[in-house]
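Please look through the sequence and the 3D structure shown here before reading on. The report that follows takes up a few helices, some individual residues and some details of the backbone.

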Amino acid sequence: MRVLVVEDEPTLADAIAEWLREETHAVDLAHDGAAALERIAVNDYDVVVLDRDLPRVHGDEVCREMVASECAARVLMLTAAAQLDDRVTGLSLGADDYLPKPFAFPELAARVLALGRRSRPAVPPVLRRAGITLDPARREVFRNGRFVPLSKKEFAVLTELLRADGAVVSAEQLLEKAWDENADPFTGAVRLTILKLRRKLAEPPVVQTVAGVGYRIA
């Protein structure tokens with residue numbers, strides 16, 4: 001999934017991003033509300049982890065503008081204010097979930113994963129197709145009962161292909177969801193990752209190339 005972390009404390013922002021990247025997500029960072037809105041306007045995020053008390057543009061206003069623009073990304077709001085009224089206010093602004101600080105990183109990661117499943121048409125917690133079983137929570141992949149060890153990028157690409165449920169996914173879409181904003185769109189990163197994925201999934205071939213369009217799992 002593609003995740004935007006909006007947190008004005010750099011050390012915490014980096015720690016959240018690193019944890020989510022270990023969970024195979026592509027993560028971008030913003031340290032104030034204005035920068036967050038700029039990134040949301042140009043990137044297709046699944047989840048936005050949004051600190052409420054932000055400089056330049058307050059987190060509440062970021063959430064309001066996302067709702068007003070009909071942004072499809074789900075919002076996990078973070079705040080040091082843990083009172084019931086604060087949680088109610090955050091959710092009433094349009095946030096989908098609320099996590100008070102301090103928090104445990106495994107819980108944050110689990111909430112991001114749950115929100116990501118709701119950011120697009122509903123998919124089951126465990127993805128299955130063509131003999132492949134992928135469990136996002138456990139980060140495990142099996143092909144016909146055989147465990148398949150994948151890199152983070154390979155796992156992220158396979159997740160997107162399985163979520164498409166047989167539809168074609170373009171290289172641009174894979175780049176959008178599995179790589180962060182620092183990725184060079186002119187590299188062969190997607191093609192190379194697909195080649196490695198095919199090799200690891202073994203015979204019979206399951207990842208098809210649709211010439212000039214993209215890739216799919218038949």
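## Helix α2 and its cap

In this predicted model, helix α2 covers residues 33–42, and its buried residues are Gly33, Ala34, Ala35, Ala36, Leu37 and Ile40.

What caps the N-terminal end of α2? The cap is Asp32, which has a side-chain oxygen 3.0 Å from the backbone nitrogen of Ala34. Asp32 belongs to the loop between β2 and α2, and with a relative accessibility of 13% it counts as buried, because the cut-off for that word is under 20%. If residues up to four places away in sequence are left aside, Asp32 touches Val6, Leu54, Pro55 and Arg56.

## Helix α1 against helix α5

Helix α1 (residues 10–22) and helix α5 (residues 105–118) have axes that come within 10 Å of each other and cross at roughly 60°. The two helices are therefore described as oblique to each other, and α1 passes α5 in a right-handed crossing.

Which residues meet where α1 and α5 come together? From α1 there are Leu12, Ala15, Ile16, Trp19 and Leu20, and from α5 there are Phe105, Pro106, Leu108, Ala109 and Val112. Sorted by kind, the residues of this contact of α1 with α5 comprise 10 nonpolar, no polar and no charged.

## Helix α6 against helix α7

A further helix pair is formed by α6 (residues 152–163) and α7 (residues 171–178), whose axes come within 10 Å and cross at roughly 125°. The helices α6 and α7 are therefore oblique to each other, and the crossing in which α6 passes α7 is right-handed.

On the α6 side, the contact is made by Lys153, Ala156, Val157, Glu160 and Leu161, while α7 contributes Leu174, Lys177 and Ala178. The residues in this contact of α6 with α7 divide into five nonpolar, no polar and three charged.

## A buried threonine and an exposed arginine

Not counting residues up to four places away in sequence, Thr79 touches Asp51, Arg52, Tyr98, Leu99, Pro100 and Lys101.

Arg199, which is found in helix α8 (residues 189–201), counts as exposed, because its relative accessibility of 59% is over the 50% cut-off. Arg199 and Leu162 are separated by 37 residues in sequence, and from C-alpha to C-alpha they are 17 Å apart in space.

## Cis peptide bonds

Where in the chain does Pro102 lie? Pro102 is placed in the loop between β5 (97–100) and α5, and the peptide bond that leads from Lys101 to Pro102 is cis, with omega near -10°.

A cis peptide bond is also present from Glu203 to Pro204, where omega is near -10°. Pro204 is found in the loop between α8 and β10 (207–210).

## Positive phi angles

Glu70, in the loop between α3 and β4, is a residue other than glycine with a positive phi, its value being near 60°. With a relative accessible area of 73%, Glu70 is exposed, because that value is over the 50% cut-off.

Ala130 is not a glycine either, although its phi is positive at about 50°, and its place is in the loop between β6 (127–129) and β7 (132–135).

Notes
Residues numbered from 1 in each chain as written. Predicted model: local features only at pLDDT ≥ 70, side-chain atom pairs only at ≥ 80, totals over all residues. Heavy atoms only, no water. Axes fitted to C-alpha atoms, helices over the stretch in contact; angles between N-to-C directions. Helix = DSSP H or I, 4+ residues; strand = E, 2+ residues; numbered from the N terminus. Parallel < 35°, antiparallel > 145°, perpendicular 65-115°, else oblique. Left-handed = near helix turned anticlockwise from the far one by under 90°. Contact = heavy atoms within 4.5 Å. Nonpolar A, V, L, I, M, F, W, Y, C, P; charged D, E, K, R; others polar. Buried < 20%, exposed > 50% of the residue type's maximum accessible area, 1.4 Å probe, protein only. Polar contact = N/O pair within 3.5 Å; in protein donor to acceptor, adjacent residues only side chain to side chain.
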